[in-house]
Amino acid sequence: RKGRWRKLYAACFYIRADAKPGRDPYASFIAGDYEKLLVLRFLRAMDAGRLADDCRERMLELLPAAQEATLAAFLALFPGPFAVGQELSFSAASARELAVYRDGRHQGEVEDQAVVAAFWAAWFGEHPLNEDVKRGLAGY
């Protein structure tokens, strides 16, 4: 993601070797029921809450109001701030759960299919957090 023309983090996205995204890989990345991993390595310091705020904005567009408490609990798992070189990972074993790791330490997880899908849609949906990152993560 670029902030005032400076990249804030490098991002890598992994899926199981035997996963088959099909004709619409972005839709598969959002709803596919296979293991996924998104890794962010911070290239610059990032203020507290900035990443969570960006995710909240996109995810709220996709979730019903009833999901707000679950969304808030999930976003609390990565409040920031982030220092140069820190790593934040989002690991999904299925379409129903998503775990958060900071520098390899487990921060917690969310077990809510709608929230998990909204998170992946924030990265791979029609209005991603960053279009360049979306294309780069998917290899397109």
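## Exercises on a predicted model

In this predicted model, strand S3 pairs with strand S4 (residues 36-42) in the antiparallel sense, over 7 bridges. The exercises start from this pair.

**Exercise 1. Find the order of the strands in the open sheet, and name the strands at its edges.**

Step 1. Read the order. The sheet is open and has 5 strands, in the order S3-S4-S5-S6-S7. The pairing is antiparallel.

Step 2. Find the edges. Strand S3 (9-15) and S7 each have a single partner strand, so one side of each has no neighbour in the sheet. S3 and S7 are therefore the edge strands.

Step 3. From one strand to the next, it averages 15 degrees.

Step 4. Cysteine 12 stands opposite valine 39 in S4.

Step 5. Look for a helix on the sheet. H4 packs there and touches S3, S4, S5, S6 and S7. The direction of H4 makes about 55 degrees with that of S4.

**Exercise 2. Describe how S6 and S7 are joined.**

Step 1. Count the bridges. Strand S6 (residues 97-102) and strand S7 (residues 105-110) run antiparallel and are joined by 5 bridges.

Step 2. Pick a facing pair. Valine 100 has glycine 108 of S7 opposite.

Step 3. Look at the turn. S6 and S7 form a hairpin, with 2 residues between them. Aspartate 103, in the turn, has a positive phi of about 50 degrees.

**Exercise 3. Decide whether alanine 92 is buried or exposed, and list its contacts.**

Step 1. Locate the residue. Alanine 92 lies in strand S5 (residues 87-94).

Step 2. Apply the cut-off. Buried means under 20% relative accessible area. Alanine 92 has 1% relative accessibility, so it counts as buried.

Step 3. List the contacts beyond four places in sequence. Alanine 92 touches Tyr34, Glu35, Lys36, Glu97, Leu98 and Trp120.

**Exercise 4. Work out which side of helix H3 is buried, and classify alanine 72.**

Step 1. Name the buried residues. In helix H3 (residues 68-75), these are Leu71, Phe74 and Leu75. They span an arc of only 95 degrees around the axis, which puts them on the same side of H3.

Step 2. Recall the helix rule. An α-helix has 3.6 residues a turn, so residues three or four places apart point the same way.

Step 3. Find the packing partners. The buried residues of H3 pack against helix H2 (50-60), S5, S6, S7 and helix H4 (113-124).

Step 4. Turn to alanine 72, also in helix H3. Its relative accessible area is 43%, so alanine 72 is partly exposed.

Step 5. Compare sequence and space. Alanine 72 and alanine 118 are 46 residues apart in sequence, and 13 Å apart in space, C-alpha to C-alpha.

**Exercise 5. Classify the packing of H2 and H4.**

Step 1. Take the geometry. H2 and H4 pack at an angle of about 105 degrees, and their axes are 9 Å apart.

Step 2. Apply the range. Angles of 65 to 115 degrees count as roughly perpendicular. H2 and H4 are therefore roughly perpendicular to each other.

Step 3. Name the residues that meet. H2 brings Leu51, Cys55, Arg58 and Met59. H4 brings Val115, Ala118, Phe119, Ala122 and Trp123.

**Exercise 6. Say where the model calls for caution.**

Step 1. Start with the whole chain. The average pLDDT is 91, and 95% of the residues score at least 70.

Step 2. Over residues 1-5, pLDDT stays under 50. The model has 12 contacts beyond four places in sequence for residues 1-5.

Step 3. Draw the conclusion. Where pLDDT is low, the predicted coordinates should not be read in detail.

Technical notes:
Residues numbered from 1 in each chain as written. Predicted model: local features only at pLDDT ≥ 70, side-chain atom pairs only at ≥ 80, totals over all residues. Heavy atoms only, no water. Pairing = 2+ DSSP bridges. Helix = DSSP H or I, 4+ residues; strand = E, 2+ residues; numbered from the N terminus. Buried < 20%, exposed > 50% of the residue type's maximum accessible area, 1.4 Å probe, protein only. Contact = heavy atoms within 4.5 Å. pLDDT = per-residue confidence, 0-100. Arc of directions from axis to C-beta. Axes fitted to C-alpha atoms, helices over the stretch in contact; angles between N-to-C directions. Parallel < 35°, antiparallel > 145°, perpendicular 65-115°, else oblique.
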